[in-house]
Amino acid sequence: VGIHPGADDNASGIVALLSLAKMMKAADIVPQYTILFCAWDGEEKGLLGSKFFVNTWPSETVVPGCEASLKESVVHYMNFDMVGRTLDPAKPATTFAWNDNFPELKQDCIDVLTTIEQPFGVIYDRRLGDGKGGSDYAPFSKRNIPFVAWMEEELHEDYHKPGDTPDKIHWERLRKTVLLAYGILYGWEK
C-alpha cells in the first residue's frame with residue numbers, strides 16, 4: 001500500500017483554507033457576514049462531511065442562536081481541492097468552477113484576476129447548479145447556494161498515489177489561487 005503523502009490532494013486545499021483565514025484576520029476585516037472556515041472529511045466516501053453540514057443546518061454547535069435556514073444563512077461557499085500543482089510552471093493556472101445560477105461569480109473572478117501578478121491563468125468551468133459533482137461543493141449546489149470550487153487544471157499522474165509529494169507543489173500557483181479567492185471574498189465583504 002505505501003504512504004500517500006497527499007501534498008496536493010488535499011493538503012494544498014487545507015493550506016489555501018488556513019492562508020485565507022490568516023489573511024482575513026491580518027486585514028482586520030469586520031465581515032458583514034459570519035465566515036466559517038471548515039474542512040470536511042469523507043469526500044471520497046460520498047461527501048460525508050459536507051453533506052452532514054448542509055443536512056443538519058441550523059446547528060447550535062456551529063453558530064449559536066442561528067435559527068435561519070441554510071439558504072438564508074450561507075450566502076457563498078468556496079471549496080479548495082487540489083490547488084497545488086500546475087501543468088506548465090511557466091504559465092500557472094487554476095480552475096474556477098462556479099454555480100451557473102449565479103453568473104456574477106464568474107465576473108467577480110474576472111474583475112479580481114486583473115489584480116493578480118502575471119503570469120497566472122484561470123480555466124473557467126461552468127457547473128450547473130443542480131447538485132451534481134464529485135467534490136464538496138455538490139451538497140451546496142443542491143441547495144442552490146452560490147459556490148466557487150477552486151480545483152486542479154486536470155488530474156495528475158500522482159492522484160491518490162505515493163508520488164503526491166510536497167516537492168511537486170507549485171507554490172506560486174497556490175499563492176495566486178489564494179490571492180484570487182481572497183480578492184473575491186473581500187469584495188463580497190465591502
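A: Asn-10 is found in helix H1, where helices (H or I, at least four residues) and strands (E, at least two) are DSSP runs numbered from the N terminus. The peptide bond that joins Asp-9 and Asn-10 is cis, with omega about 5°. Most residues other than glycine have a negative phi, and most peptide bonds are trans.

This is a predicted model, in which local features need pLDDT of at least 70 and side-chain atom pairs count only at pLDDT 80 or more, while totals for chains, interfaces and linings use all residues. Residues are numbered from 1 along each chain as its sequence is written, and side-chain values use heavy atoms, with hydrogens and water left out.

Gly-6 sits in the segment before H1 and counts as buried because its relative accessibility is 13%; buried means under 20% relative accessible area, exposed over 50%, and partly exposed in between, with a 1.4 Å probe and protein chains only. Leaving out residues up to four places away in sequence, Gly-6 touches Ala-11 and Asp-164, contact here meaning heavy atoms within 4.5 Å. Gly-6 and Asp-164 are 158 residues apart along the chain, yet 5.3 Å separates their C-alpha atoms.

Asp-164 leads on to Asp-158, which is in contact with Arg-85, Gly-163, Asp-164 and Lys-168 once its neighbours within four places in sequence are set aside. Asp-158 lies in the loop between E4 and H6 and is classed as buried because its relative accessible area is 8%. Its side chain makes a polar contact of 3.0 Å with the side chain of Lys-168; a polar contact is a pair of N or O atoms within 3.5 Å, where within protein one must be able to donate a hydrogen and the other to accept it, and residues adjacent in sequence count only if both atoms are side-chain atoms. His-160 is also placed in the loop between E4 and H6, but this residue is partly exposed, with a relative accessible area of 39%, and its phi is near 60°, a positive value in a residue other than glycine.

Helix H1 also takes part in the largest pocket, giving the most to its lining with six residues, while H1, E1 and H6 each supply at least two. The lining comprises 38 residues, and Leu-36, Cys-38, Trp-40, Tyr-77 and Met-78 lie nearest the pocket centre. On a 1 Å grid over the protein atoms alone, a pocket is an open set of points where a 1.4 Å probe fits, with protein on both sides within 12 Å along at least five of seven lines, and lining residues have an atom within 4 Å of a point. The space in the largest pocket is about 950 Å³, the volume being that filled by probe spheres set on points joined across faces, edges and corners.

Met-78 belongs to the largest nonpolar core, which has 28 residues and in which Met-78, Phe-80, Phe-96, Cys-109, Trp-150, Leu-180 and Ile-184 have the most contacts. At least two residues of this core come from each of helix H1 (7-26), strand E1 (77-81), strand E2 (93-99), helix H4 (104-113), strand E4 (147-151) and helix H6 (171-188), with H6 giving the largest share, seven residues. Tyr-77 instead belongs to another core, of 14 residues, which lies apart and includes Val-54, Ala-97 and Ile-145. A nonpolar core is a set of buried Ala, Val, Leu, Ile, Met, Phe, Trp, Tyr and Cys residues joined through side-chain atoms within 4.5 Å.

Cys-109 is in contact with Phe-96, Val-122, Tyr-124, Trp-150, Leu-180 and Ile-184, leaving aside neighbours within four places in sequence. Cys-109 is also one of the buried residues of H4, together with Leu-105, Val-112 and Leu-113. Seen down the axis of H4, these buried residues fall within an arc of 105°, so they line one face of the helix; the arc is that of the directions from the helix axis to the C-beta atoms. An α-helix has 3.6 residues a turn, so residues three or four places apart point the same way.

Another cis peptide bond, from Gln-118 to Pro-119, has omega near 10°, and Pro-119 lies in the loop between H4 and strand E3 (121-127).
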